[in-house]
Amino acid sequence: MRKCLIIFLLLVVCFVANAQNDTIMVDSTLNATDLQIYSDTTNIRQPSAFAQAWRRPCTDVSVHKFRATGLIAPVLLFSAGATIAFTPKLKTGVDIEFRDMLQRDGHKYIFFEDYVQYVPAVATYGLNLCGLKGKHGYRDLINLTAASYLIAVGLMSTMKYPIDMKRPNGGRYSFPSGHTLTAFTGAEILRREFKDYPVVGIVGYVVAAGVGFMRIYNNKHWVSDVLAGAGVGILSTSITYWLASYVNSNKATRKKRKTSRTDI
């Protein structure tokens with residue numbers, strides 16, 4: 001699995017380099033008429049298919065639109081996790097009892113949770129490579145993915161280390177679950193990119209939920225850790241897409257102002 005991830009990253013790097021070379025040859029924003037005119041006087045090549053996919057703009061603005069209902073799921077998940085974690089009676093009745101129920105008869109350790117946490121995010125790029133187009137081109141998708149995980153890790157760090165909650169196996173830094181946070185951050189990216197294919201988003205969330213269950217099953221986290229991690233992951237991606245909408249709108253406004261001043 002590690003070799004597969006390394007190969008995938010190398011492919012991305014190669015594709016990025018290829019796209020940059022192509023964009024030097026010709027601006028992909030040129031329309032067909034412009035290309036026809038230039039072809040009569042120069043030897044400019046048309047951009048490759050990947051170069052076009054690299055710079056493909058988002059045409060569905062609804063994917064960025066802020067909706068208050070988008071806060072319901074992450075807020076409820078995090079609130080439930082925090083309430084269970086910091087309420088002694090609930091901690092005993094939910095976290096400890098559920099842990100004891102899973103550990104009662106013993107089981108084998110599930111080792112592949114460390115890899116499955118990245119499946120939803122990797123699937124977003126894999127589906128695009130297979131021809132199922134998401135809402136953004138690769139350039140914007142990479143930026144959105146990086147920003148989502150930076151926000152997620154930042155939020156997690158402000159809680160995990162100061163709180164320093166003990167894990168069910170005796171380890172430190174239990175709340176919230178980092179693996180679950182990673183999986184749900186990727187699952188929300190997958191859902192937003194393939195809004196037109198609801199099954200894709202559902203599968204992504206099922207995989208992310210499976211990661212959370214494996215963390216509990218392997219005695220690495222409490223139920224409260226997993227709930228909180230899922231909430232922070234979803235919220236981090238949502239914040240990224242909402243911020244992208246704000247940034248893009250500001251860019252459009254500045255461009256209009258610049259154009260109007262030039263016309264004057």
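Guide: Let's start with one side chain: Arg-191 is partly exposed, at a relative accessible area of 34%. On this scale buried means under 20% relative accessible area, exposed means over 50%, and partly exposed is in between (1.4 Å probe, protein chains only). Keep in mind that this is a predicted model, where local features need pLDDT of at least 70, side-chain atom pairs count only at pLDDT 80 or more, and totals for chains, interfaces and linings use all residues. Residues are numbered from 1 along each chain as its sequence is written, and side-chain values use heavy atoms, with hydrogens and water left out.

Visitor: Which residue does Arg-191 meet in a salt bridge?

Guide: A salt bridge here is a side-chain nitrogen of Lys or Arg within 4 Å of a carboxyl oxygen of Asp or Glu. For Arg-191 the partner is Glu-188, at 2.8 Å from N to O. Both sit in helix 9, three residues apart, about one turn of the helix.

Visitor: How many salt bridges does the structure hold?

Guide: Eight. Some share partners: Glu-113, Arg-215 and Lys-220 are joined into one network that way.

Visitor: Where do Asp-196 and Lys-135 lie in the chain?

Guide: First, the pair itself: Asp-196 and Lys-135 form a salt bridge, with their closest N and O atoms 2.9 Å apart. Asp-196 is in the loop between helix 9 (178-193) and helix 10 (198-217), while Lys-135 is in the loop between helix 7 (119-129) and helix 8 (138-163), so the pair links distant parts of the chain, 61 residues apart. Helices are DSSP runs (H or I, at least four residues), as are strands (E, at least two), numbered from the N terminus.

Visitor: Is Lys-135 buried or exposed?

Guide: Buried, at 11% relative accessible area, whereas Asp-196 is exposed at 56%.

Visitor: What about Asp-100 and Arg-99?

Guide: They form a salt bridge too, and their closest N and O atoms are 2.8 Å apart. Arg-99 is buried at 18%, and Asp-100 is partly exposed at 35%.

Visitor: And what does the whole chain look like?

Guide: Eleven helices and zero strands. Of its 264 residues, 37% are buried. Counting contacts (heavy atoms within 4.5 Å), 79% of those between residues at least 6 apart in sequence join residues at least 24 apart.
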